[in-house]
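Here is a short report on helix packing, charged pairs and a surface patch. Please keep the model open while reading.

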Amino acid sequence: MNLIALGGVIGAGLFVGSGVVIHQTGPAAVVSFLLAGVLTVLIMRMLAEMTVARPALGSFYVYAREVLGNRAGFSVGWMYWYFFVIVVAVEAVAGGQILQLWLPEVPLWVLSGGLLTLLAGTNLVSARSYGEFEYWFSSIKVLAIVCFLLVGGLYLLGFWPGANGGLSNLTAHGGFAPMGIGAVLAAVVPCVAFYTGAEIVTIAAAESAEPRRAVARAMKSIILRVVGFYVGSVFVVVAVVPWNSPDTEISPYAAVLSALDVPAVTTVMNAIVLTAVLSCLNSALYTSSRMLFALTRNNDAPRSLTKIGRGGVPRRAILAGTVVGYVSVLAAYLSPDVVFAFLVNSYGAVALFVYLLIAVAQVRMRRKLEREDPEALTLRMWLFPWLSYTTIALMGVIIAAMAILPDSRTQFWVSLGTLAVILIGYEIRRRAHPDMSARTDVPSTRQPLAAGDTTPSETARRTHAVDTPRAEVHRTD
C-alpha cells in the first residue's frame, strides 16, 4: 500500500515534465514544487481523515455523494473515471513512443496497443496481480530516485570524480528567480498536476485486509517522501546543471547524469521513464475500473458493469476503460493534432475539480462525524477547520489561475466543458429515474463499509459461495 501511494504520485512528469517548469521558472522551481507539494499533502490529509473514519469502495465518490448530494457525487465519480481513462491513453502512447526508440520499424499504435493489452490482462487476473505489478514498478522508480539523489549529493559535496561541488548554479545564471516571483507562483499550477495520483491508495484500500491501518500508514509515510523526492530531485537538477540549458528542458534527469559522466545515460533514462509510464498505465486501469464499479452501486453507471470475474475483479469495468484507451490510441495515430489533442486538453483541470470537491466534502463530513461518531476520527486533519478552509481557498486560487494563465487556459475551458457534459448526463439520469434521486447509498457510521458495500473480490467470493456455482459465474462473464 505504501508503494501504491508512492507509485501513484511518481510518474513520467517528474522525470521529464519537470524540465519544462524548471525552464520557465529557473532554480526557484524548487519553491514551486514545494508549494504544490504542501497543498497536495493537505488535500491527502483531508481525504485520509474521511477514509480512515469510513473506508468505502469508491472513496471520495461516496463521501461527496453523502455530504454534498447526489449531483456532486455523480460529478466526482465520472470526472475521476474520465480523468483516468484519458491517462490510460496518454500513458499508452508515451510508452509506445519510448519503445519506438528501440523498435523504430513498428508502428506506434501497435506498440501502444500492445502495452495496453498487457497491463489490461494483468488487471483482469486479480487485484493482487495489479498490486504485485505496481509494487515492482514503484520499487524501481523509488530506487532510481534514491540513487539519483545520492549521486547528485556526492557531486554537490565534491566527492564525485571530477566534481568541484558547490551550489553556484542556483544563482549564476540570472539569479535564483530569474523570471520573477510571478513565474514561481504560476508554476505551482502545473506542479499540482504532477502530484495527482496519491489518492489512489484510498481506492485500493477497500481491497486491502486492513483498510484503516493501510491508509493511515500510507498517508503518513507519503508526506515526507513525496516532498523529498520531488523537491529534492528538482534541487539536485538546478544545482548540478544550469537551469537554462536546453538539455534540462528536454530531460532534466538525463542532463544531470550526463554531467556526472554516467555511461549509457539515454538508455538508462528511457528505461526508467518507461517503468514510470507502465506504472501509471497499470494504476490508471485499476483506478478507473474501481471507480466505475463504485458508480454502479447507486445506479450512477449501468448495472451491467457490476459483473465480477473469477479472479474477483470487475472485468466489464476494466474492459470499458481499456476500450476507451484503444479508441484514444487510434485517435493519437489518426488525428494527433486535433482529436487526441482535444482529449488531452479535456482532462487537464478535471483532477483539480475533484480535489476541490474532496476538500469541501471533508469539512462537511468532519462536522457530521463529530456529531454522530466522534470515535471514528482516529486520524484528523491538522488545525481544523481553519487549515481546511485555507486549503479550499488555495485550490480555488489554483483553478482560477489555470483559467487565466495562457499556458493552461485552453485546458481549463475544455475541461470545464467536460464537467458540463457530466452534469447534463446527471440531469438525464435524474429525469429518467426520478425515484433514484433521493437515494444515497453511503457507509454506515458504525461499519467499515456501507451495507452491501463489498469490494469486487468480496463480491466474487460471496457469489461463488452463495448465489451460483463457480462455473456459472465464469460462464456469464
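Helix axes here are lines fitted to C-alpha atoms over the stretch in contact, and angles run from 0 to 180 degrees between N-to-C directions. The model is predicted.

**Helix packing.** Helix H5 (residues 70–102) packs on helix H17 (residues 350–372) at about 145°. Their axes lie 9 Å apart. The crossing of H5 past H17 is left-handed. H5 supplies Val76, Met79, Tyr80 and Phe83 to the contact, and H17 supplies Val350, Ala351, Phe353, Val354 and Leu357.

**Salt bridges.** The whole structure holds 10 salt bridges. Three of them are listed below.

| Pair | N to O distance |
|---|---|
| Glu66 and Lys368 | 2.7 Å |
| Asp300 and Arg429 | 2.9 Å |
| Arg430 and Glu427 | 2.7 Å |

Glu66 sits in helix H4 (residues 60–68) and Lys368 in helix H17, so their bridge ties together parts 302 residues apart in sequence. Glu66 and Lys368 are both buried.

Asp300 belongs to the loop between helix H14 (265–295) and helix H15 (315–334), while Arg429 is in helix H19 (residues 406–432), 129 residues apart. Asp300 is buried at 5% relative accessible area. Arg429 is buried too, at 8%.

Arg430 and Glu427 are three residues apart in helix H19, so about one helical turn separates them. Arg430 is partly exposed at 27%, and Glu427 is partly exposed at 22%. Elsewhere, salt bridges with shared partners join Arg54, Glu66, Lys368 and Glu372 into one network.

**Surface patch.** Val31, Leu35, Phe176, Ile181 and Leu185 form a nonpolar surface patch with about 440 Å² of accessible area together. Helix H3 (29–53) and helix H8 (181–186) each give two or more residues to the patch. Ile181, in helix H8, is exposed at 61% relative accessible area.

Notes: Residues are numbered from 1 along each chain as its sequence is written. This is a predicted model: local features need pLDDT of at least 70, side-chain atom pairs count only at pLDDT 80 or more; totals for chains, interfaces and linings use all residues. Side-chain values use heavy atoms; hydrogens and water are left out. Patches are made of residues with over 30% relative accessible area and no salt bridge: like charges are joined within 9 Å, nonpolar side chains (Val, Leu, Ile, Met, Phe, Trp, Tyr) within 5 Å. Accessible areas come from the Shrake-Rupley method with a 1.4 Å probe; for residues, only the protein chains shown count as cover. A salt bridge is a side-chain nitrogen of Lys or Arg within 4 Å of a carboxyl oxygen of Asp or Glu. Helices (H or I, at least four residues) and strands (E, at least two) are DSSP runs, numbered from the N terminus. Buried means under 20% relative accessible area, exposed over 50%, partly exposed in between (1.4 Å probe, protein chains only). A crossing is left-handed if the near helix is turned anticlockwise from the far one by less than a right angle, and right-handed if clockwise. Contact means heavy atoms within 4.5 Å.
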